[in-house]
Amino acid sequence: MTKFKVSLITGALLVSSSAFAQVTAITNATVHTSTEQGILKDATVVIENGKITAINPASVAADVTIDAKDQVLTAGFIGSMNQLGLVEVGAVSRSRDAGDDKAGIDFDTSSAFNPRSSLIPYARKGGVTQNVTVPHGGDSIFAGLAFVADLSGKFGSVTDKHSALVVHLGAKSDGSRALSYKQLVDKLEGHQQSLAEKDDKKDKKAKKPSLEEQVLTQILDGKMPIVTHLTRASDILEIIKIKEQFDINVIIWGGEDAQLVKTQLADAQIPVIVSAVSNLPSDFDSLHASLETAGVLEKAGVKVILSIGGDGSHNVYQLRFDAGIAVSNGMSHEGALKALTANVADSFGIEGGTIAKGQRADLVLWSADPFEISTHVQKMWINGEEVSTKSRHDKLRDRYTTDSKLPRAYTK
């Protein structure tokens with residue numbers, strides 16, 4: 001009996017391994033690589049073991065061949081600056097896990113991520129295969145740690161628990177923004193001094209650093225960026241000074257007034273995350289909000305990332321529509337695509353975002369231009385495995401439109 005159980009388990013593992021190891025070739029595709037190679041016509045992309053193993057090989061020996069019929073193949077989009085997987089219904093407090101009054105630098109919400117959230121399949125319908133989820137924190141200016149997860153819907157889909165530190169700076173409803181800047185500088189200077197003292201002592205028996213200390217060390221070493229929501233131009237210049245003082249990596253989120261300091265942002269090599277549809281001042285810090293912001297920043301040499309303004313958790317599906325609006329207002333088509341793929345991956349140290357040999361096989365096959373409203377996802381692969389784009393919305397549509405002798409919506 002025991003041997004029989006073992007053989008069943010072994011057989012199942014072999015079948016699973018074999019399925020995952022299958023070679024898939026996507027042929028006759030219009031491939032938007034989001035690399036220096038640009039757009040490849042009638043191209044072939046081969047994937048195996050979760051990776052892109054070849055582009056336009058001389059010959060292909062594939063287990064599965066998919067004829068794209070000249071349709072568009074892109075890298076999977078990467079959502080960001082939302083609470084996807086940490087919230088189900090915004091009005092239901094027991095379904096929200098992105099904030100806590102006691103949150104600080106070591107607030108790690110990745111343990112609360114729900115890969116089976118009904119919002120995730122809906123995001124996939126918009127071509128989104130990975131996401132940077134951020135906490136909104138609590139009383140401290142330090143909101144906590146952003147994390148990266150793929151949208152396969154599988155348990156264990158968090159791929160990086162500590163991808164950035166989110167810091168609240170800029171305008172405050174209570175108090176002065178000047179104190180927030182001082183708190184950030186004091187925290188970085190304090191840890192810098194602590195590291196210097198430890199180096200002097202060279203104490204090999206020193207206790208293991210806390211998560212907060214580890215995070216601050218990674219920031220000062222340039223291994224983890226700080227993400228801060230800023231809109232006013234003077235605030236952007238202030239964070240540029242802090243970046244230069246400590247030689248750290250900074251990502252600005254918001255940037256409605258970023259056009260005013262586009263040259264300084266480009267020189268400082270600071271990525272800016274913007275909403276392409278933010279065109280009205282929401283407060284006195286964003287008087288220059290414009291539909292042209294993304295295009296203006298791109299032309300100035302700033303690395304632009306597009307994200308959804310407002311409730312991005314429920315609306316990340318709309319990223320491709322926002323990208324189309326950005327293109328309509330001055331951004332290049334390839335620049336907008338990179339703002340959803342390669343630029344996000346580069347800024348947050350995420351594997352993927354481009355179609356290149358050796359890259360993670362997160363791919364989306366589209367019926368046409370992904371920025372057109374009428375376009376839809378034909379097929380999607382996350383980490384080399386094909387996934388469904390059927391969501392709760394589809395199930396509800398089917399339920400309420402199915403003819404039945406029973407009352408509407410009762411189909412059994």
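**Helix packing and strand pairing**

Me: Are H3 and H5 roughly parallel or roughly antiparallel to each other?
Reply: In this predicted model, the axes (lines fitted to C-alpha atoms over the stretch in contact, with angles from 0 to 180 degrees between N-to-C directions) of H3 (residues 177-201) and H5 (residues 233-246) come within 12 Å and cross at roughly 10°. Helices are DSSP runs of H or I with at least four residues, and strands are runs of E with at least two, numbered from the N terminus. Angles under 35 degrees count as roughly parallel and those over 145 as roughly antiparallel. H3 and H5 are therefore roughly parallel.

Me: How many nonpolar residues does the contact of H3 with H5 have?
Reply: Contact means heavy atoms within 4.5 Å, and the residues involved include Leu-184 and Leu-188 of H3 and Ile-239 and Ile-242 of H5. Nonpolar covers Ala, Val, Leu, Ile, Met, Phe, Trp, Tyr, Cys and Pro; charged covers Asp, Glu, Lys and Arg; the others, Gly among them, are polar. Besides two polar and four charged residues, the nonpolar number is seven.

Me: Which residue of S14 is the bridge partner of Val-72?
Reply: Strands pair if DSSP finds at least two bridges between them. S5 (residues 72-75) and S14 (residues 363-366) pair in the antiparallel sense over four bridges. Within S14, the partner of Val-72 is Trp-366.

Me: Which residue of S5 is the bridge partner of Val-31?
Reply: S1 (residues 24-32) runs parallel to S5, joined by three bridges. The S5 partner of Val-31 is Leu-73.

Me: What is the mean pLDDT of the protein?
Reply: Residues are numbered from 1 along each chain as its sequence is written, and side-chain values use heavy atoms, leaving out hydrogens and water. While 93% of residues reach 70 or more, the mean is 92.

Terms used: This is a predicted model: local features need pLDDT of at least 70, side-chain atom pairs count only at pLDDT 80 or more; totals for chains, interfaces and linings use all residues. pLDDT is the predictor's confidence in each residue, from 0 to 100. Angles under 35 degrees count as roughly parallel, over 145 as roughly antiparallel, 65 to 115 as roughly perpendicular and the rest as oblique.
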